[in-house]
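Please keep the viewer open as you go.

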Amino acid sequence: MPEENDSLIRSMKRKHEYGNVIKKVEEMKVRRENEMLALPTSQPMHGTGSVIASAGTPLAITDGSGKLVNQQQGSAKSGTLLPLVPLGNSSKGEDNTTRSLLPSKAPMMMKPKWHAPWKLYRVASGHTGWVRAVDVEPGNQWFASGGADRIIKIWDLASGQLKLSLTGHISSVRAVKVSPRHPFLFSGGEDKQVKCWDLEYNKVIRHYHGHLSAVQALSVHPSLDVLVTCARDSTARVWDMRTKAQVHCFAGHTNTVADVVCQSVDPQVITASHDATVRLWDLAAGRSMCTLTHHKKSVRALTIHPRLNMFASASPDNIKQWKLPKGEFMQNLSGHNAIINTLSSNDDGVVVSGADNGSLCFWDWRSGFCFQKIQTKPQPGSIESEAGIYASCFDKTGLRLITAEADKTIKMYKEDDEATEESHPIVWRPEIVKKKAY
C-alpha cells in the first residue's frame, strides 16, 4: 500500500535524521521519572522540620523547636499553600532539547502603515524617443530627462514647462544625474560616452573615456568628488570628477551592469547586473566586498532607503530588501510580476517599482505590502505596447513622483490630498506567511 510505504519511509527518515535527538529526549524523560519517584511524598513529621495543618488554615512550617518559620522566607504569602514536593523544572517546553523539536512561532505579516494613494496629475511631452532617464536637481526647482532622441531636456518642476534642450550625445541617453554639490549635470549614453555638463554655461566641459560599450547608469558620490558609471561591458568604473582619470574599474560581473548607487558609508558602491547578482564594493580598495546571489533573474534596478541603512533590488522574480553593511536579506516584496526597470523610495517609506508593461506598484517599505497598483495609459498616438516605464525618481520633498516612459512622455504623480484612512482603507488580509530564507 502506498500509505504504508509512505509511513515506513517517513519513520526511516525520522530515525536517520533525528535518531540521536529522539534518543536523548527519551533518556531525559526516564531520568525525570526516576527523579520524581525518588522524591519523598511528604515532609517528615520529626527531625528538624515539620508541617502543621488544620482545617481551613494554610500550611505552616515549623523548625525542630516548634517555632514557626517566617512565611516571607519560605516564599509563601498569606492564604496560599506551600507545596510539599519541590516542583523543579519539569515543563517539557522549558527544556532546550525538547524546545528545539517544537515548532517556533509562525511569523506574522507586519501591519502596514497607511499611505495616501497616488494619482497622475501631469503629462509632459517633448521628447521624440523613449524617455530613458530622469533626475531632480538638489534645489527642487527643475528636473532633467534623457531619451532615445539623444537629447537631454531640462523641465520646470512646478509648471512642467520645457526650459532647455542639451544636444551632444550621438546615441540614446541612458542616464542623467545632477550633482548635489556642484553645478554639474552628468550624462551617459549608448554612444559609450560619459559627459559632464556645466549648468552655468549649458555646455560639455569634460568627457570620461573608458567604457567599451553602452553606458547603462551612473551615480554621483554624495560626499567625494567621484562619479561611478556602469555599462554593458560588465564593468562599473569610478572616475575622478575633476581630472577625468579612471580611479577604479570594478570587474566581477559576468553580464551587463544595469544599475549603480552610491552612499557615504561602507559599502560605498552597490551594483546590480543582468547576471542576477548584486555586488557591494569597497571604494578604497577597489574590490568586491560581497556578492548577493539570491535573485534568479537579471537585476535591473536598485534604491537606497533615504534614512534606514537598507537598500532594495528589483528583478522579475522579486523585489528584495537588504540590510547594510553586510547585505543581509530582510524580506521579499512579491507581486510585481514583470520586468522591473526602476525603483525609487522616499522618506515616508514608500517604494515605487515601474515595469516594462507600464505597471507601477507602490509598496510600504517596512511591511512589504503593496498598497496601490497603477497601469499607465500610453499617450494618444502611441501603440499599446509602448506603455513601459524606464526610469523614476521622487523630488526632494518626496511628495512628487516623476516617471520616464516609452510613450515619449514624462508623467508626474502626487498623493491624493483628500484621501483619508476611512475613505481609502488598507485592504490588508493578515495571514501566516511562509518566510523564505532568501
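Predicted model: local features only at pLDDT ≥ 70, side-chain atom pairs only at ≥ 80, totals over all residues.

## Salt bridges

Arg181, Asp225 and Arg242 are joined in a network of salt bridges, a salt bridge being a side-chain nitrogen of Lys or Arg within 4 Å of a carboxyl oxygen of Asp or Glu. Across the whole structure, a search finds 10 salt bridges. Residues are numbered from 1 along each chain as its sequence is written, and side-chain values use heavy atoms, with hydrogens and water left out.

Another pair to look up is Arg237 with Asp233, whose closest N and O atoms are 3.5 Å apart in a salt bridge. Both Arg237 and Asp233 are buried; here buried means under 20% relative accessible area, exposed over 50%, and partly exposed in between (1.4 Å probe, protein chains only).

Which parts of the chain does the pair of Asp348 and Lys113 tie together? The side chains of these two residues meet in a salt bridge, at 2.8 Å from N to O. Asp348 sits in the loop between strand S24 (340–345) and strand S25 (350–355), and Lys113 in the loop between helix H2 (96–101) and strand S3 (118–125), so the pair connects parts that are 235 residues apart in sequence. Helices (H or I, at least four residues) and strands (E, at least two) are DSSP runs, numbered from the N terminus. Asp348 is partly exposed, because its relative accessible area is 33%, and Lys113 is partly exposed as well, with a value of 45%.

Arg307 and Asp347 also form a salt bridge, with 3.8 Å between the closest N and O atoms. This pair links distant parts of the chain, 40 residues apart: Arg307 is in the loop between strand S20 (301–304) and strand S21 (310–314), while Asp347 is in the loop between S24 and S25. Arg307 has a relative accessible area of 57% and is therefore exposed, whereas Asp347, at 42%, counts as partly exposed.

## Strand S30 and its partners

How many residues of strand S30 (residues 409–415) are buried? Six of its seven are, and the strand is mostly covered. S30 pairs with S3 in the antiparallel sense over seven bridges, where two strands pair if DSSP finds at least two bridges between them. In this pairing Lys119 stands opposite Lys414 in S30.

Strand S29 (residues 400–405) also runs antiparallel to S30, and five bridges join the two. Ala404 has Ile410 in S30 as its bridge partner. S29 and S30 make a hairpin with three residues between them, and Lys408 in the turn has a positive phi of about 70°.

The Ser187 side chain makes a polar contact with the side chain of His169 at 2.7 Å. A polar contact is a pair of N or O atoms within 3.5 Å; within protein, one must be able to donate a hydrogen and the other to accept it, and residues adjacent in sequence count only if both atoms are side-chain atoms.

Leaving aside residues up to four places away in sequence, Ser187 touches a set of residues including Ile152, His169, Val176, Trp197 and Leu218. Contact here means heavy atoms within 4.5 Å.

## Backbone details in the loops

One joins Asp266 and Pro267, with omega about -5°, and Pro267 is in the loop between strand S16 (257–262) and strand S17 (269–273). The peptide bond from Leu324 to Pro325 is cis with omega near 10°, and Pro325 belongs to the loop between strand S22 (319–323) and strand S23 (328–333).

Asn140 is not a glycine, yet has a positive phi of about 65°; it is in the loop between strand S4 (131–136) and strand S5 (142–147).

## Confidence

The protein chain has a mean pLDDT of 85, and 81% of its residues reach 70 or more; pLDDT is the predictor's confidence in each residue, from 0 to 100. Over residues 42–95 the pLDDT is below 50, and this stretch has 58 contacts in the model beyond near neighbours in sequence.
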